[in-house]
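Hi,

Here is the structure I promised to pass on to you. Have a look at it first, and then read on below for what turned up.

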Amino acid sequence: FPVTIIQARTLRKLVIKLCELDDPLYGDKIQKQLKTLWSHLEPFIQLYRYNENLFLFLLKNQAQIDLLMGKSSYFYDFLVKIYPEGLEVVGEKLCDQYHQRGFFSQISHCKILLTQLLHARPAT
């Protein structure tokens with residue numbers, strides 16, 4: 001689904017608020033704003049979910065995303081939701097995109113992070 005101008009404006013306002021809250025006393029407020037920011041980023045992430053650079057960035061930051069959202073399986077659950085064809089299938093497709101572009105070192109990094117995520121996934 002397309003991202004609206006309202007969503008883009010909301011993201012901009014949230015980033016400005018975060019920049020204004022650089023005092024350590026505002027830790028809870030920053031945490032709340034970051035959670036809100038993430039929830040507004042989810043439509044962007046879903047829209048560009050087949051971008052290999054975004055996928056790798058998300059994999060690299062999975063622990064921080066889980067910590068931010070307060071649930072150890074949040075990131076995994078989010079990926080399962082946006083990749084109904086399966087994480088292994090998507091991982092291979094996105095690694096193929098790196099291969100086509102000649103970024104071979106990114107392939108192993110992506111596969112290692114994805115394998116770690118799949119092995120650490122919560123029991124269902």
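**The largest pocket and its surroundings**

Helix 2 gives the largest share of the lining of the largest pocket, with five residues. Please keep in mind that this is a predicted model.

The largest pocket holds about 230 Å³ of space. Its lining is made up of L34, L37, W38, L41, I45, L54, F57, L58, N61, Q64, I65 and L68. Two or more of these residues come from each of helix 2, helix 3 and helix 4. By class, the lining has 10 nonpolar and two polar residues, and no charged ones.

Two of those helices also pack against each other. Helix 3 (residues 52-60) and helix 4 (residues 62-69) meet at an angle of about 65°, and their axes are 4 Å apart. On the helix 3 side the contact involves L58, L59 and K60, while helix 4 brings Q62, Q64 and I65. That contact between helix 3 and helix 4 counts three nonpolar, two polar and one charged residues.

Then there is the core. The largest nonpolar core has 27 residues, and W38, F55, L59, L79, L87 and L117 are those with the most contacts inside it. At least two residues of this core come from each of helix 2 (27-47), helix 3, helix 4, helix 5 (74-82), helix 6 (87-101) and helix 7 (104-119).

Which residues does L59 touch, leaving out those up to four places away in sequence? They are F75, L79, C110, L113, L114 and L117.

Best wishes

Notes:
Residues numbered from 1 in each chain as written. Predicted model: local features only at pLDDT ≥ 70, side-chain atom pairs only at ≥ 80, totals over all residues. Heavy atoms only, no water. Axes fitted to C-alpha atoms, helices over the stretch in contact; angles between N-to-C directions. Contact = heavy atoms within 4.5 Å. Nonpolar A, V, L, I, M, F, W, Y, C, P; charged D, E, K, R; others polar. Core = buried A, V, L, I, M, F, W, Y, C linked by side-chain atoms within 4.5 Å. Buried < 20%, exposed > 50% of the residue type's maximum accessible area, 1.4 Å probe, protein only. 1 Å grid on protein atoms, 1.4 Å probe; cavity = no way out; pocket = protein on both sides within 12 Å on 5 of 7 lines; lining within 4 Å. Points joined across faces, edges and corners; volume = space filled by probe spheres on them.
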